[in-house]
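Work through the exercises below with the sequence and the model in view. Each task is followed by its solution.

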Amino acid sequence: MVDGPADRAGDDRTTIVPGHWFSAHADLDLPTLREAAALPLPGADEQFEEVVAAVVAKIRDGLSAN
């Protein structure tokens, strides 16, 4: 979770994982993270929709468990 909107966070990254991080951790085998790093950062609306979908799914799981 983030404390503020992603588009106003002051972060100028264009990918999920900064490229220099992979250079600093070249010894790690992280194929899924490398695949995710190739994707562009989601916008604030996409992040909000994902959080709402996760909360709704959690609530539905809780209701169906009872």
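**Exercise 1.** What percentage of the 66 residues of the protein count as buried?

Solution. The model is a predicted one. A residue counts as buried when its relative accessible area is under 20%. By that cut-off, 5% of the 66 residues are buried. The accessible surface of the protein comes to about 5,700 Å², and carbon and sulfur atoms account for 58% of that surface.

**Exercise 2.** State how many helices and strands the protein has, and give their pattern along the sequence.

Solution. The count gives three helices and zero strands.

**Exercise 3.** Classify the aromatic pair of the structure, and the exposure of the residues in the pair.

Solution. The structure holds one aromatic pair. The ring centres of W21 and F22 lie 5.6 Å apart, and the ring planes meet at 80°. Planes over 60 degrees apart count as edge-to-face, so the pair of W21 and F22 is edge-to-face. W21 has a relative accessible area of 29%, so W21 is partly exposed. F22 has 12%, so F22 is buried.

**Exercise 4.** Which residues make the nonpolar surface patch of about 360 Å², and is L63 buried or exposed?

Solution. The patch is made by V51, V55, I59 and L63. One of these residues, L63, sits in helix α3, which spans residues 44-65. The relative accessible area of L63 is 61%. Exposed means over 50%, so L63 is exposed.

Methods
Residues are numbered from 1 along each chain as its sequence is written. This is a predicted model: local features need pLDDT of at least 70, side-chain atom pairs count only at pLDDT 80 or more; totals for chains, interfaces and linings use all residues. Side-chain values use heavy atoms; hydrogens and water are left out. Patches are made of residues with over 30% relative accessible area and no salt bridge: like charges are joined within 9 Å, nonpolar side chains (Val, Leu, Ile, Met, Phe, Trp, Tyr) within 5 Å. Accessible areas come from the Shrake-Rupley method with a 1.4 Å probe; for residues, only the protein chains shown count as cover. A salt bridge is a side-chain nitrogen of Lys or Arg within 4 Å of a carboxyl oxygen of Asp or Glu. Helices (H or I, at least four residues) and strands (E, at least two) are DSSP runs, numbered from the N terminus. Buried means under 20% relative accessible area, exposed over 50%, partly exposed in between (1.4 Å probe, protein chains only). Rings of Phe, Tyr and Trp (its six-membered ring) pair if their centres lie within 6.5 Å; planes under 30 degrees apart count as stacked, over 60 as edge-to-face and the rest as tilted.
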